[in-house]
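Biologist: I would like to see what the labels on this model rest on. Please give the rule each time and then set the value against it.

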Amino acid sequence: MGLELDSLFHPKSIAVAGASASPEKQGHNYFKNLLDSFHGKVYPINFRAEEVLGVPTYKSVRDIPENVDYVISAIPNLEILDLVDACIAKKARVLHLYTARFSETGFERETKLEQEVLRRARASGMRILGPNCMGLYYPREGIAWGNGFPKEVGKVGAISQSGGNGSEIITGGANRGLRFSKVISYGNALDLNEADLMEYLADDPETDIIGGYIEGVRVGPRFVRALRYATARKPVALLKGGRTQAGTHMVSSHTASLAGSREVWEAMCRQTGVINTNSMEELVDMLVAFSRMPPARGFNVLVGGGAGGKSVLSADECEEEGLRVEPIPADARQELTSRDPFFGSWVTNPVDGSIMGGSRLSPHEVVTLIASSPAYDVVINNITTGRPGGGATTRQSRTTQMIEHTAGIARNFSKPVALVLPDMIPEDEQMLQSTQEMRERCIKEGFAIFPSMSRAARAVRRLVGYHRWLAEAKEEATPKAAASGGRGPALH
Amino acid sequence: MQMGTMTSTEIFKKAHPGDRTLLTEVESKALVQEAGIPVVPTHLARNKSQAARIAQALGLPVVMKVVSPEVVHKSDVGGVKTGLRSLRQVRAAYDDLVASTRKALPSASILGVAVQRMAPPGVEVILGAFRNPEFGHVVMFGLGGVMVEVLQDVSLRLVPLTRRDARQMVREIKGFSLLNGYRQHPPCDILALEEALLNLSLFLEKHPEVKELDLNPVFCYPQGILAVDARVVLEEVNPNT
């Protein structure tokens, strides 16, 4: 469906119009990143400087001796039409316009200029990415718009109308262990739009999970179709900007006045199986959950690792997010009491680790033992960092123990495990260091880490929701069910 | 007496040349009927003796409402009379409805009065549709009256609806338990509601010219549902296209 775009993103040569020696300029960043990492040829275009970063420049794209596949424009909009013509002359497949101040200004002259860019591109078959966008981050090809983006390749693909939010998906995700197949910032969507790019990622074998930040939808019905196509193949989590904007059209009926753009967007997500998130944090949470947790069957959760009030609150937050903190079933209870009659009959779900002092069972053993029960679909574990006492060695061995048990649950029972590691203010330098180490080890182990219980619980609920939606959609797609979808008497 | 209903093609054709976008109740109901949604038979009377004949044919009691393309909310202009139990009341109601509409909205052109059999009361719901600028037709479902107006307790889905969408729409509203039976009240015919939502979706797929549609209220019974009022607004036709 969307793979015809694939060749656009595998250029053999890239020219950067507006490649600059000044590190404050984005034209510098593009060029420097390509110079460092891109496997193909890179041409700096700059009609003032003789060379940039030691590479001799060309005054115009036209002066490049060969054809060029991909051109990045970081020049002012006034010079854009000449660049478009030059790119067409050099048989460029894509012109990425970092250049801004087009239709997004709302001004007539700029909007007309944008339309002229499109007209010339369409006439030649060259595709436009943007304008007003950061473009492509494709680590496998060594293409990146940001200096600190991971060089390693992963399975998360994303589209973002905003470059800044695209960067946040990449860096926020990277910080929690995510790696990306490709992230495409597409700005004004003059040519390549949200539906084109969603279709592409849906079919892209390098992408297993799709995220997106969307503001305006250019081609609604096609986007809906692309989303249905995508969610049947891989999970999609989206964040919509401008949700609260009131509808601008005049309405006279009840129906129309009751439904703002937010409600319609939410309905669209429900129908297409898209996970609709409400913030950048939630969006990244979902990418973490889908990347790092296997499908969960249901909403029954075992909560571990809290102490006292924390475990009480953890249970509340799970229930409030729609998970069920189920009591320990009889057989697991029996096993617990046989191992330790006193603590075994005292312990509950949530497992309060602080009561286990002097027990024959460690809190981790208790959680592992209960987690083996088929009564639980998923485990969420609080990671304890703030417990006073114990030196660095104790802390380290605690961490190792926690990681081993968590890995064991995930491995032996094929259950999703979420870890909660709050961003907290450490008591001392040593603790800051050990927390950081723990965090890094957890990420290295492949665990899904969340900064709070409620965010973990929400992500788990949505994870289960997607897999349930998928199962139902497959059921509904069987010929028997499809036949009942129309007019006439109800078929049950 | 001629009481046949118009087909959608006839209604759209009749409305468009005059660039009239608000269909009358009688026209709207004919469309809804054609969409496969049960609706109270409603006929246009152009004078009071015709009103009496229609009332007699339908059976008393009846409800009468003024028919005017300019009147958006009929009760606001005193354009609705319910529980008319005799032909004498029907004739008098005709004159009253015309008079009060003239008084409230002198500019309104009055086509006549819609006469319909008074439907037995049921749980009131609203089915609606509108066009969203980004995604096209959207279908809406909610409980009628206060629930929709004050609490805005509604569910939405884009056209086309699947059976699962229809099932979820009905169950998603907070007031679902009012439909599903509570205390001594038997459950309403949920399947008939789902069917109506699916039929509405099919109708909208076939008729992109529909801009807004309100079935408010629809009465829900233990067996079946019945739309007792309908309002359809068409897209404005751009003379340049």
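Modeller: Strand 15 (residues 378-382) and strand 16 (residues 417-420) of chain A pair in the parallel sense over four bridges. This is a predicted model, in which local features need pLDDT of at least 70 and side-chain atom pairs count only at pLDDT 80 or more, while totals for chains, interfaces and linings use all residues. Residues are numbered from 1 along each chain as its sequence is written, while chains are lettered from A and ligands numbered from 1 in the order in which they are written.

Biologist: Which strands of the open sheet in chain A stand at the edges, and why?

Modeller: The sheet has four strands in the order 14-15-16-17, with parallel pairing. Strand 14 (301-304) and strand 17 (448-450) of chain A each have a single partner strand, so one side of each is left without a neighbour in the sheet. On average, neighbouring strands of this sheet are turned by 25° against each other, direction ignored.

Biologist: How do you know that helix 10 of chain A packs on the sheet?

Modeller: Two residues are in contact if their C-beta atoms, placed from the backbone, lie within 7 Å. Helix 10 (residues 309-320) of chain A touches strand 14 and strand 15, and its direction makes about 155° with that of strand 14 of chain A. Helix 13 (residues 363-371) of chain A also touches strand 14 and strand 15, at about 175° to strand 14 of chain A. Such angles run from 0 to 180 degrees between N-to-C directions, with axes fitted to C-alpha atoms, for helices over the stretch in contact.

Biologist: Why are helix 2 and helix 3 of chain A called roughly parallel?

Modeller: Helix 2 (residues 80-89) and helix 3 (residues 108-124) of chain A pack at about 10°, with their axes 10 Å apart. Angles under 35 degrees count as roughly parallel, over 145 as roughly antiparallel, 65 to 115 as roughly perpendicular and the rest as oblique. Helix 2 and helix 3 of chain A are therefore roughly parallel. Their contact includes A:Val84 and A:Ile88 of helix 2 and A:Leu113 and A:Val117 of helix 3.

Biologist: How do the residues of that contact between helix 2 and helix 3 of chain A divide?

Modeller: Seven are nonpolar, one is polar and three are charged. Ala, Val, Leu, Ile, Met, Phe, Trp, Tyr, Cys and Pro count as nonpolar, Asp, Glu, Lys and Arg as charged, and the others, Gly among them, as polar.

Biologist: Why is helix 5 of chain A called largely enclosed?

Modeller: A residue is buried if 20 or more other C-beta atoms, placed from the backbone, lie within 10 Å of its own, exposed if 12 or fewer, and partly exposed in between. Nine of the 10 residues of helix 5 (residues 194-203) of chain A are buried, so the helix is largely enclosed by the rest of the structure. Among the buried residues are A:Leu197, A:Met198 and A:Leu201. The buried residues of helix 5 pack against strand 9 (153-160), strand 10 (180-185), strand 11 (209-214) and helix 6 (220-231) of chain A.

Biologist: Is A:Ser414 buried or exposed, and why?

Modeller: A:Ser414 has 11 other C-beta atoms within 10 Å, so it is exposed. A:Ser414 lies in the loop between helix 14 (392-413) and strand 16 of chain A. Its phi is positive, about 45°, although it is not a glycine.

Biologist: What does A:Leu53 count as, and why?

Modeller: A:Leu53 has 15 C-beta neighbours inside 10 Å and therefore counts as partly exposed. A:Leu53 sits in the loop between strand 3 (51-52) and strand 4 (55-56) of chain A, and its phi is near 50°, a positive value in a residue other than glycine.

Notes: Two strands pair if DSSP finds at least two bridges between them. Helices (H or I, at least four residues) and strands (E, at least two) are DSSP runs, numbered from the N terminus.
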